[in-house]
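Q: Hi, I'm new to this one. Could you walk me through it?
A: Happy to, here it is.

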Amino acid sequence: MSPAAKLPRWAEFGLLPAVNLLAALLLSGAIIRLIGESPWAALRLMADGAFGSQEAIGYTLFYATSFIFTGLGVAVAYHAGLFNIGAEGQAYIGGLGTGLVCLALGHWPFWAVLPLAVLAGAAGGAAWAFLPAWLQARRGSHIVITTIMFNFIASALMTWLLVNVLIRPGQQSPESREFAPNAFMPGLHTLLGRIGIPFAATPLNLAFLLALAASVLVWLFVWRTRWGYALRVAGINPAAARYAGIRPERVTIGAMLLSGALAGSLGLNELMGSQHRILLDFPGGAGFVGIAVALMGRNHPVGILLASVLFGALVQGGSQLSFDMPHVNRDMVVVIQGLVILFCGALENVFRTPLAALLGRGKPEGSNR
Amino acid sequence: MSFSRFSLAFLAGLAAAAAGVANEFSPAIVYDFGGKFDRSFNQSASEGAQKFKADTGIAYREFEITNAAQREQIMAQLARRGATIIVAVGFTQASAVEKVARQFPEVKFTIIDAVVDLPNVQSINFREQESSFLCGMAAALASKTGKIGFVGGMDIPLIRKFALGYVEGARHVNPTVEVFQNMTGTTPTAWGDPTKGGELARSQFGRGADVVFHAAGATGIGVMQAAQDAGMLSIGCDSNQDYLHPGSVLTSAVKRVDVAVYKAFSDARSGTWRAGQVALGLAENGVDYSYDEYNRGILTPTMKQRLDQARADIVAGRIKVSEYKP
């Protein structure tokens, strides 16, 4: 591959993503036009549905919270040169840990349940990432394949547990009983209400702040610690890492454990924060969205945060769009989301060279740098 | 479109929305993950709603769920925008209905396949085991090998309910019948995987089965196709699927979700809607086996006679069909 044109920082992180997003929206608009609805009205509905009211913002950030956790998880593994496709399964099993703590210790005060739930979520996710990591480090089994397989094993395990063990007797739905109220993650509207700021009741909860804290910790870890340095070196060049006294096998396992732990925290938001019970398929694809979020956010916590909010907005705005425009069904919404991923992820370099030329910086592709 | 025209349209839309709130009858329906084109459960519900619209000219709002948090949000939104009755399709909606029904005690809710015990919720449940029992009988009667198959979607209580009734019905005819049971998967994609459904059916044929019953949503399309290709018999589910492969689909375990939805809408409109539990079985024509011009050739009069006899016995309580209880 020829080297990509260089852009100034503001264009790299601001202008280019904006142009990509615009292109995706234009193409989506054309498709909406084709099915006979007004693209303008659709865009307004979507934007309004995602950011137009406190309720809209609450839901957007609630979805974003899940994506931040899984996105951070994917990013940490990526820095170590590992493509973790298993965030979905790790989130599922991590959520199981969180849920079991909430079911068992619901009578404890919240501030005692919270740390245990966080630990159990992280432990569950890490445990689910351990075997693929070990297989990669010691046996060379490719992490992409093993983590995908572990997603299926996780869903098989969870279906069995929910149908046979955890189900509340006498009901059809494979769900556990509801957690005791002490194990509910406080909603952000109650927290804000306590300090006198009124906010609409939404599922947005304390886990959002935990996700922000996790973002800061990931940044500190990856860029400000020795272990983070080792992680990045091993990711870029395992041979050089070994020469420098770093053991890539250990890095592989460590990075995957951390990655799984982050993805496993999704249950804090989905289960403790919103559903208040363990139910079938609660990650709902957030593990896979996490991959898109990490790629789009350039594996940097700030980028992941922004990309998560964008995807949260697409989910929430898309849901409002199909609510108000019956012709735009949920599959159309997936098409729009897919176009955004396509332009911002896979085709991100399409506009790079023309932009660089336009800005008079950098050289066209293929020339000397 | 010019901007002024757009804003005019927008204002007109707002006015229409405002008018909708003013005490008009406004029904709504919320489908589950399968979506309204699953050729099975949700689609049947959608057909009921469409029939109501065709008969009365009253439009309804509908929504297809894509994630768990959405359920509550959408139902609350429907209630706020003046829905008179909201039909929630599928047992996964139970907890959302419970929460939203508490918030909006003046709105009527009907949930299908689950029980929510609140003064403004009607819970409609089907006794699927009864129609499955008859289909199990039909399978055992039609089988020449004494081996029959069952392909489920996911291993969840609802599907075990189908399987249990099916096995009991088959044993009722032939106590030594062998029943192969397979589930398609462990994720919701198991409801929409015809390829895998076909594979499972073929493996059951390979083990000697010659009739296979599916309770697997759109996955069943593959099951029935495989039976047709192999010259075997299949049994459809939820909707009447006899027409899909005439001469190969022995019968269908019909579940009249469409009737339930239609009745909920029209009762709510006429004021005869009542909260509480409604159980629909053979006696109420809520479930049944299908018999029409497509399967007349294979479901022989002697078989039909046995099925109708058993049907009457179940209705009269002379045959007890067990219900799977989680």
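**A helix, a loop residue and an interface**

A: Let's start with α14 of chain A, which is mostly covered, with 20 of its 24 residues buried (20 or more other C-beta atoms, placed from the backbone, within 10 Å of a residue's own; 12 or fewer is exposed, in between is partly exposed). This is a predicted model, where local features need pLDDT of at least 70, side-chain atom pairs count only at pLDDT 80 or more, and totals for chains, interfaces and linings use all residues. Residues are numbered from 1 along each chain as its sequence is written, while chains are lettered from A and ligands numbered from 1 in the order in which they are written.

Q: How far apart are the end C-alpha atoms of helix α14 of chain A?
A: They are 34 Å apart, which agrees with the 34 Å that residues 301-324 should span at 1.5 Å a residue.

Q: New topic: where is B:D242?
A: B:D242 sits in the loop between β9 (233-238) and β10 (249-255) of chain B.

Q: Is B:D242 buried or exposed?
A: B:D242 counts as buried, because 26 C-beta neighbours lie inside 10 Å.

Q: What is B:D242 in contact with?
A: Leaving aside neighbours within four places in sequence, its contacts include B:G236, B:V249, B:D292 and B:Y294 (contact puts C-beta atoms, placed from the backbone, within 7 Å). B:D242 and B:Y294 are 52 residues apart along the chain, yet their C-alpha atoms are separated by 5.8 Å.

Q: And how many residues of chain A are in contact with chain B?
A: 27 residues of chain A are in contact with 28 of chain B. On the chain A side, α6(A) gives the largest share, four residues.

Terms used
Helices (H or I, at least four residues) and strands (E, at least two) are DSSP runs, numbered from the N terminus. The expected span of a helix is 1.5 Å times one less than its number of residues. Two residues are in contact if their C-beta atoms, placed from the backbone, lie within 7 Å.
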